[in-house]
Amino acid sequence: MTDRTTADILGSTTARPPFDPELAPVLEAITAAMQPLSDETLAATRRFATEGIPGMAPVDLTAAGRVRVEERQVPGPEGAPDITLLILSPVEDRGPTGGVFHIHGGGMVSGDRRTGVAALLPFVADGSAVVVSVEYRLAPEHPDPAPVEDCYAGLVWTAKHAAELGINPDRLLIAGGSAGGGLAAGTALLARDRAFPRLSHQVLVCPMLDDRFETHSSRMLDGEGIWDRNSNLYGWTALLGDRRGGPDVSPYAAPARAEDLSGLPRTYLDTGSAEVFRDEILIYARRLSEAGVSVDFHMWGGGFHAFDGMAAHAALSRASAATREEFIRRALED
């Protein structure tokens, strides 16, 4: 894609709110170590997403022996390969508990079933939940509808095997962050429209919802933050190809395009004020509310994309994580 084409799509940059002073040094260090997302850097981006920061010890998914870790191959969409599910369940059996179907982030082009799942580990370790995390096919090798259909196939399998997994089918949540949040929203739309399964809640963390670049925030970061308008254009184009921004994009791929948001489960949505996805998340929260859906929406002033996962020590991050944790705990116990 040429610079001229990119400029035509994105237009000129717009003003952005300042980054939180405690977050800014962390963001500077992260961006210094990252390369702009492109075909040439995609392999390195994928290694970073799956292997993490060099020198950091991997997360102990067993939580010192309190969590059972299992992987299963289950049927994918009709005519497609099987998919892999990571299943985290409490070692101590306390009877049926809430279930969280997790979809990882990574801009539609990176990450795997273990990416981001550590944030849900405390709910499993204390016996509040079983977590199932799906490995979906990545763009651009596997464009839309492969990712969202893989996610839906994994959700269907989870719901059909709820009793075996120790999940109360009346407390089945779907959750995801960034691209995973967008895929979670799209999968929830599929579950509603295909009348199975019934979800009790959706937790959409800074979700990637709109391919059209029509909002103020979609254009305001150019070379700033960890996910700017150029990375966003790369991710959406990888997923949709020449359809990106045009009339033939499914709402299951870009949930902001859904005309009817009624009948969706209670929804948690959050965003930083200084990130690309801010406005599409604001609009989605408003439209869900107008459709009669109960919405818990939070915008964190000065937050960049995924700030609370990358600067967990910061006061803003602690407040964001605690608010989300409280919502999920209430949802699991409802």
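User: Quick one: is F19 buried or exposed?
Analyst: F19 counts as buried, at 16% relative accessibility. Buried means under 20% relative accessible area, exposed over 50%, and partly exposed in between (1.4 Å probe, protein chains only).

User: What kind of model is this?
Analyst: The model is predicted: local features need pLDDT of at least 70 and side-chain atom pairs count only at pLDDT 80 or more, while totals for chains, interfaces and linings use all residues. Residues are numbered from 1 along each chain as its sequence is written, and side-chain values use heavy atoms, leaving out hydrogens and water.

User: Back to F19. Which residue does F19 pair with?
Analyst: F304, in an edge-to-face aromatic pair, with 6.5 Å centre to centre and 80° between the planes. Rings of Phe, Tyr and Trp (its six-membered ring) pair if their centres lie within 6.5 Å; planes under 30 degrees apart are stacked, over 60 edge-to-face, the rest tilted.

User: Where do F19 and F304 lie?
Analyst: F19 is in the loop between α1 (3-10) and α2 (24-33), and F304 is in the loop between β8 (295-300) and α10 (307-310), so the pair ties together parts 285 residues apart in sequence. Helices (H or I, at least four residues) and strands (E, at least two) are DSSP runs, numbered from the N terminus. F304 is buried, with a relative accessible area of 1%.

User: How many aromatic pairs does the structure hold?
Analyst: Two. Y268 and F327 form a tilted pair, because their ring centres are 5.2 Å apart and their planes are at 50°. Y268 sits in strand β7 (residues 266-272) and F327 in helix α11 (residues 315-333), 59 residues apart. Y268 is buried at 0% relative accessibility, and F327 is buried at 2%.

User: New topic. Which residues touch the most other members of the largest nonpolar core?
Analyst: L85, F101, I103, V134, L264 and Y284, out of 80 residues. Such a core is a set of buried Ala, Val, Leu, Ile, Met, Phe, Trp, Tyr and Cys residues joined through side-chain atoms within 4.5 Å. A second, separate core has 24 residues, including V67, F123, A129 and L332.

User: And what is L264 in contact with?
Analyst: Leaving aside neighbours within four places in sequence, L264 is in contact (heavy atoms within 4.5 Å) with A188, L189, R192, Q202, Y284, L288 and V293.
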